[in-house]
Amino acid sequence: MRTLDPPKPARIVATAIVVMTLAGITFAQAVPTGDERSPSPTAKSGSIPPGAAGEASTADGAGAPSAGDDTVRGEHPETYLDFAIAGGYLMIPIGLCSILLVAFLIERLISTRRSRVLPSPFVTAVQELTRNGAGGAGRAGAICDAHPSAAARIVRVAADTIRRPRDELEDAVNVAARREVFFLRRYTRLFVVIASVAPLLGLLGTVTGMIQAFREVAIQGLGSGQALAPGIYQALITTAAGLLVAIPAMIAYHWIMSRVDNYTHAIDNLVVDFVDANRPESEAAS
């Protein structure tokens, strides 16, 4: 019997890494920096009249931003890429979690497609055998070969053991069903792990960042708070990043599990109706 091989997880991960890297580079180049968003008044030639050169030089401290202000502004993140870098080394494992999430979500979406699990033409054909009554078990093999899927493998086991005692039939079908459900739920626990670990990594980054910020205050003094505030908001970046990874991971887990449960319920009804309609009466009563 021909089966559909699931996509290789390593290939999916590699593809996700390349796609996310290219998207990040493109986005970083597209987002303007602070200097591009707010050009200085003196950037355009001829914007200051010749006679006002002296006034501009005398009012340098009040009207135009000083070089010190530009230096302070340049030290703070301006783009999403700058924020990711400012988050520190803990942004690396959070980024890896996001790559794993995207990679295995793509893999699960491919592996749990309806055409791989419960094709509509296969369901129609089996329901036709069910309506025709006894004798359909002999034709079920050809239908299963024509529509290789998880449901077809379970129906084939039911058709092959339909004349055996009911206990043997139920055991064989249950074993086949558990095997198929295992493959449908494979890798879904990884989403729960990512949803649990990513916020903890973000919280750890926040705590370590605040420790560093208060250490600077202990050394330099509180002053105007300028030494404390940048360290705190940069530390909070990791918490935001962890939540941005954890929330989609939890949604993806429950969505995939709900999808698998719906498939399981539909296959169970299909197999039960098929067995009840095609099992010989003398053996069905035993």
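Which residues make a nonpolar surface patch of about 390 Å²? In this predicted model, where residues are numbered from 1 along each chain as its sequence is written, local features need pLDDT of at least 70, side-chain atom pairs count only at pLDDT 80 or more, and totals for chains, interfaces and linings use all residues. Side-chain values use heavy atoms, with hydrogens and water left out.

The patch is made by Leu200, Leu203, Val207 and Ile211. Patches are built from residues that have over 30% relative accessible area and no salt bridge, with nonpolar side chains (Val, Leu, Ile, Met, Phe, Trp, Tyr) joined within 5 Å and like charges within 9 Å; the accessible areas come from the Shrake-Rupley method with a 1.4 Å probe, and for residues only the protein chains shown count as cover. Leucine 200, one of the patch residues, is found in helix α12, which spans residues 188–220, and it counts as exposed because its relative accessibility is 56%. Here exposed stands for over 50% relative accessible area, buried for under 20%, and partly exposed for values in between (1.4 Å probe, protein chains only).

The protein as a whole has 14 helices and zero strands, where helices (H or I, at least four residues) and strands (E, at least two) are DSSP runs numbered from the N terminus. Of the 286 residues in the protein, 32% are buried.

Helix α12 also takes part in a helix pair: its axis and that of helix α6 (residues 91–111) come within 10 Å and cross at roughly 160°. The axes are lines fitted to C-alpha atoms, for helices over the stretch in contact, with angles running from 0 to 180 degrees between N-to-C directions. The two helices, α6 and α12, are therefore roughly antiparallel to each other, given that angles over 145 degrees count as roughly antiparallel, under 35 as roughly parallel, 65 to 115 as roughly perpendicular and the rest as oblique. The crossing of α6 past α12 is left-handed, a term used if the near helix is turned anticlockwise from the far one by less than a right angle, whereas clockwise gives right-handed.

Side chains of opposite charge can pair when their charged atoms come close. With a salt bridge defined as a side-chain nitrogen of Lys or Arg within 4 Å of a carboxyl oxygen of Asp or Glu, the count comes to six salt bridges. Among them, arginine 108 pairs with glutamate 107, the closest N and O atoms being 2.8 Å apart; arginine 108 counts as buried at 1% relative accessibility, and glutamate 107 likewise counts as buried at 1%.

Another salt bridge joins glutamate 170 to arginine 166, with the closest N and O atoms 4.0 Å apart. Both residues lie in helix α11 (residues 166–184), four residues apart, or about one turn of the helix. Glutamate 170 is partly exposed at 39% relative accessibility, and arginine 166 is partly exposed at 27%.

A further salt bridge brings together the side chains of arginine 185 and aspartate 261 (3.0 Å, N to O). Arginine 185 lies in the loop between α11 and α12 and aspartate 261 in helix α13 (residues 229–278), so the pair ties together parts that are 76 residues apart in sequence. Arginine 185 is partly exposed, with a relative accessible area of 35%, and aspartate 261 is partly exposed at 38%.

The loop between α11 and α12 also holds tyrosine 187, whose phi is near 75°, a positive value in a residue other than glycine.
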